[in-house]
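Subject: Structure handover

Hello,

Here is the structure I said I would pass on. Please look through it before reading my notes below.

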Amino acid sequence: MANIKVSNIFKTALYVSSLCGLGYFAALIFLHIIGISLSGWIEWIFRLAIIVCIIWSIVGFRMQYTPRGIGFGAAFGLGMLSAFLLGTYMALSIFIFQTAVAPDYNKKYKEFYMNKRSNQMYNTQLNNQIKEKGESYKLTTSDSALVEKGLNLHSQKVSFHFTPQGSAAINFIFSLLWGIVVSATVSFLARQK
């Protein structure tokens, strides 16, 4: 237990989160180059980077410094420090990606998102009207106006999400939320015997 020092915890978290953060940035650029940056792959890379970072931090620390196990609190702190540092790298990566590498990304993603949202809203309106008025109901111009009004309101409320600053903030927040879940799980499994 003498090897559980704050400096060792910080070194491990910084090393692993730096490597995973660099990998995340490289993956963003790679997905953009091959033309699938608007797909769900970016979300999977995000999740994978957090999971790998936290597991690697805690398990690597345990193997190097505390082979008999590590206390839950120390392991959880290490996992959250790794998630915090990785979240910072991810936020910077998204910001750099959306401002320097692909400045039109947010515009394209907003169009992609709003088209998906529009289809969802039209389907919801149609299903509601079919329940109310029967199977033969067809959408009218008033239904379209209602959906478009809702879509415009939704677009105004989520406009921050389609900016580099908004994307960076959301990435950072979600990295911390994922960090809590993954850190708690791995810390429980890595605790002392």
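Leaving aside its neighbours within four places in sequence, which residues is Gln 165 in contact with? They are Phe 95 and Phe 160, where contact means heavy atoms within 4.5 Å.

This is a predicted model, in which local features need pLDDT of at least 70, side-chain atom pairs count only at pLDDT 80 or more, and totals for chains, interfaces and linings use all residues. Residues are numbered from 1 along each chain as its sequence is written, and side-chain values use heavy atoms, with hydrogens and water left out.

Gln 165 is placed in helix H6; helices here are DSSP runs (H or I, at least four residues), numbered from the N terminus. Gln 165 is partly exposed, with a relative accessible area of 46%; buried means under 20%, exposed over 50%, and partly exposed in between (1.4 Å probe, protein chains only). Its C-alpha atom is separated by 9.7 Å from that of Thr 99, 66 residues apart along the chain.

Helix H6 covers residues 164–189. Its 26 residues should span 38 Å at 1.5 Å a residue, and the end C-alpha atoms are 37 Å apart, which agrees; the expected span is 1.5 Å times one less than the number of residues. The buried residues of H6 include Pro 164, Gly 166, Asn 171, Val 182 and Val 186. The buried residues of H6 pack against helices H1 (6–33), H2 (41–65), H3 (72–101) and H4 (105–133).

Regards

Key
Helix = DSSP H or I, 4+ residues; strand = E, 2+ residues; numbered from the N terminus.
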